[in-house]
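The sequence and structure are shown first.

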Amino acid sequence: MTNALFVVSEEGYWGEECIEPLATLDAADIDVTVATPSGDPPVVDERSVDPETVGERVSTMVREYDDTDDRLANPEPIATADAADYDAVVFPGGHGTMWDINIDHHAQQLLTDAVGGDDGVALVVCHAVGLLGFTRTDDGEYLTAGRAITGFPNEWEDGLIDENHVMADGRKLPYLVEDVVVAAGGRWDAELEADFSVTVDGDLITARGPESSTAAAETLLGELGIELPA
């Protein structure tokens with residue numbers, strides 16, 4: 001049976017970017033395990049369940065999963081997870097990833113192993129793409145160097161942070177996703193004029209943001225050679 005590991009933030013995951021791929025993989029009968037940095041349940045960003053922001057369908061779907069899904073309620077610590085045990089490793093986004101997932105050594109190792117192994121594939125979404133700015137291969141090179149990458153662009157942060165990079169909730173962004181990926185040698189193209197943006201470069205899939213979640217999940221299934229039931 002095909003299986004996947006979801007590496008989810010305890011500091012605030014964006015609902016659609018986690019739950020849309022999770023629901024899509026569920027529909028394809030893929031066995032999913034959830035992991036978080038400490039093994040505590042992931043925390044949903046409340047902005048991502050506001051129906052006025054994301055719509056009633058997305059809000060309801062995310063809240064139902066977040067409230068009732070046993071995998072989200074009982075994750076394992078990422079330090080105990082091994083990418084070799086999974087066909088895919090998925091890193092949902094959300095600003096929260098910038099304070100835990102992206103700078104976590106064990107998350108970086110999971111990504112390196114998923115992309116660098118003989119089998120397996122990684123999907124990295126939105127702000128979690130910042131993980132690529134900190135992840136190096138076993139030979140010390142940045143994993144993203146020379147790769148085509150999409151993710152949450154600097155231009156979109158303009159309305160979310162002030163001139164000091166402080167968000168409305170008072171948290172200061174420690175870096176910008178686009179900046180760290182480009183600094184690590186990634187070939188950045190968020191395709192800002194497109195309705196969604198998903199990029200495949202070898203065993204690495206990256207996606208721009210919430211509106212790309214469905215396409216990202218479908219792209220992952222395609223890379224795994226799996227078709228959704230009609």
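## Aromatic pairs

Trp-156 is partly exposed, at 28% relative accessible area, where buried means under 20%, exposed over 50% and partly exposed in between (1.4 Å probe, protein chains only). The model is predicted: local features need pLDDT of at least 70 and side-chain atom pairs pLDDT 80 or more, whereas totals for chains, interfaces and linings use all residues. Residues are numbered from 1 along each chain as its sequence is written, and side-chain values use heavy atoms, without hydrogens and water.

The structure holds 2 aromatic pairs. Rings of Phe, Tyr and Trp (its six-membered ring) pair if their centres lie within 6.5 Å; planes under 30 degrees apart are stacked, over 60 edge-to-face, and the rest tilted. Phe-134 and Tyr-175 are edge-to-face, with 5.0 Å from centre to centre and 65° between the planes. This pair links distant parts of the chain, 41 residues apart: Phe-134 lies in the loop between strands E5 (121-125) and E6 (148-149), and Tyr-175 in the loop between helices H6 (154-157) and H7 (177-183). Helices (H or I, at least four residues) and strands (E, at least two) are DSSP runs, numbered from the N terminus. Phe-134 is partly exposed at 29%, while Tyr-175 is buried at 11%. The rings of Phe-152 and Trp-156 are also edge-to-face, their centres 5.6 Å apart and their planes at 80°; Phe-152 is buried, at 8% relative accessibility.

## Nonpolar cores

A nonpolar core is a set of buried Ala, Val, Leu, Ile, Met, Phe, Trp, Tyr and Cys residues joined through side-chain atoms within 4.5 Å. The largest has 37 residues, of which Phe-6, Ile-19, Leu-25, Ile-30 and Leu-220 touch the most other members. Elements giving two or more residues include strand E1 (3-7), helix H1 (15-27), helix H3 (56-68) and helix H8 (213-224). H1 contributes the most, with 5 residues.

Beyond its neighbours within four places in sequence, Ile-19 is in contact (heavy atoms within 4.5 Å) with Tyr-13, Met-61, Val-62, Tyr-65 and Leu-72. Another core, of 35 residues, lies apart from the largest one; Ala-81, Phe-91, Leu-132 and Met-167 are among its members.

## Cysteines

The structure has 0 disulfides, a disulfide being a pair of cysteine sulfur atoms within 2.5 Å. For Cys-18, the nearest cysteine sulfur is that of Cys-126, 13 Å away. Cys-18 is buried at 0% relative accessibility, and Cys-126 is buried at 2%.
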